Amino acid sequence: MGLCLVALIIVPAAPPASAACKETVRTTMVNGVVITEAVRVCDPPPQGGGSQTQTGERPPPPAGIAACQAATTVLGTSTTDFCAGPPTPDEPQLTGGMIARAFSELPLPGSALNVQPPDGVTLVNFDTNFYVEPRPLQRTITLLGQQVQLRIWAASYHWRFGDGTVLDSTSPGAPYPDLEVTHDYLRTGRYGARVDTTYQAEYRVGTGAWQPVEGTSTIPGTPVTLRAVEASPSLVGADR
């Protein structure tokens, strides 16, 4: 709470020429209000006995820092503490939590799922191959008037093969012949396979150092429909 400074100066009427007078300054504080009084006391007192304090018109209170500094001299306190105005609210600071939230709300792309054999047909009891082709991403956002750069990459994958089987991996899989993520369908039928991608990121503010973003962002992929069929054996004979 700031203090209110009020200066009250009391000026006596002119004393008789023979009177010996002296002036004193008194400063008091009442309910957070500083009151400064200038008092002239004359000795001997005017006829009628008793010490008498004479007052004149009250001038307007002084304004500005000079009056405040004068009061602190009398009070013996610090000008910095006594004359400081009301505190101003701190400017909001950009935090890692704000950046993490902004990252989690970015519209990142889902991974495009590739299936081998191609053309949406595979065989029962056959190593059907799945893979994606990840690529790093860059985004620039503005928070609290500051430019924040993001470097984003796929950190892990959640594979859903459509028959209730799932698999978690850090590998994006690979095309044939490097079979890293495969699945065998045990029954014929149609299945919707998909992969959900979990992204991580790092950021920097302006031209500052790169720092990790807290948390991750998981983006579901678009299902790919494939059909598992049984192979029909056929006998091929040589012509004679």
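**Close-up views of strands, a loop and salt bridges**

**View 1. Pairing of strand 7 and strand 8 in the predicted model.** Gln-138 stands opposite Arg-151, a residue of strand 8. Strand 7 covers residues 137–143 and strand 8 covers residues 146–160; the two pair in the antiparallel sense over seven bridges. Two residues lie between the strands of this hairpin, and Leu-144 takes a positive phi near 50°.

**View 2. The salt bridge between Glu-202 and Arg-151.** The closest N and O atoms of this pair are 2.5 Å apart. Glu-202 belongs to strand 11 and Arg-151 to strand 8, so that distant parts of the chain, 51 residues apart, are linked. Glu-202 counts as partly exposed because its relative accessibility is 21%, and Arg-151, at 31%, is also partly exposed.

**View 3. The salt bridge between Arg-160 and Asp-196.** The side chains meet at 3.1 Å, N to O. Arg-160 lies in strand 8 and Asp-196 in strand 11, so the pair ties together parts that are 36 residues apart in sequence. Arg-160 is partly exposed at 34% relative accessibility, whereas Asp-196 is buried at 6%. Salt bridges with shared partners join Arg-160, Arg-194 and Asp-196 into one network.

**View 4. The salt bridge between Arg-101 and Glu-105.** Here the closest N and O atoms are 3.3 Å apart. Both Arg-101 and Glu-105 are exposed. The search of the whole structure finds four salt bridges.

**View 5. Arg-187 in the loop between strand 10 and strand 11.** With a relative accessible area of 62%, Arg-187 is exposed. Leaving aside residues up to four places away in sequence, Arg-187 touches Val-124 and Ala-228. The C-alpha atoms of Arg-187 and Asn-125 are separated by 8.0 Å, although these residues are 62 residues apart along the chain.

Terms used. Residues are numbered from 1 along each chain as its sequence is written. This is a predicted model: local features need pLDDT of at least 70, side-chain atom pairs count only at pLDDT 80 or more; totals for chains, interfaces and linings use all residues. Side-chain values use heavy atoms; hydrogens and water are left out. Two strands pair if DSSP finds at least two bridges between them. Helices (H or I, at least four residues) and strands (E, at least two) are DSSP runs, numbered from the N terminus. Buried means under 20% relative accessible area, exposed over 50%, partly exposed in between (1.4 Å probe, protein chains only). Contact means heavy atoms within 4.5 Å.
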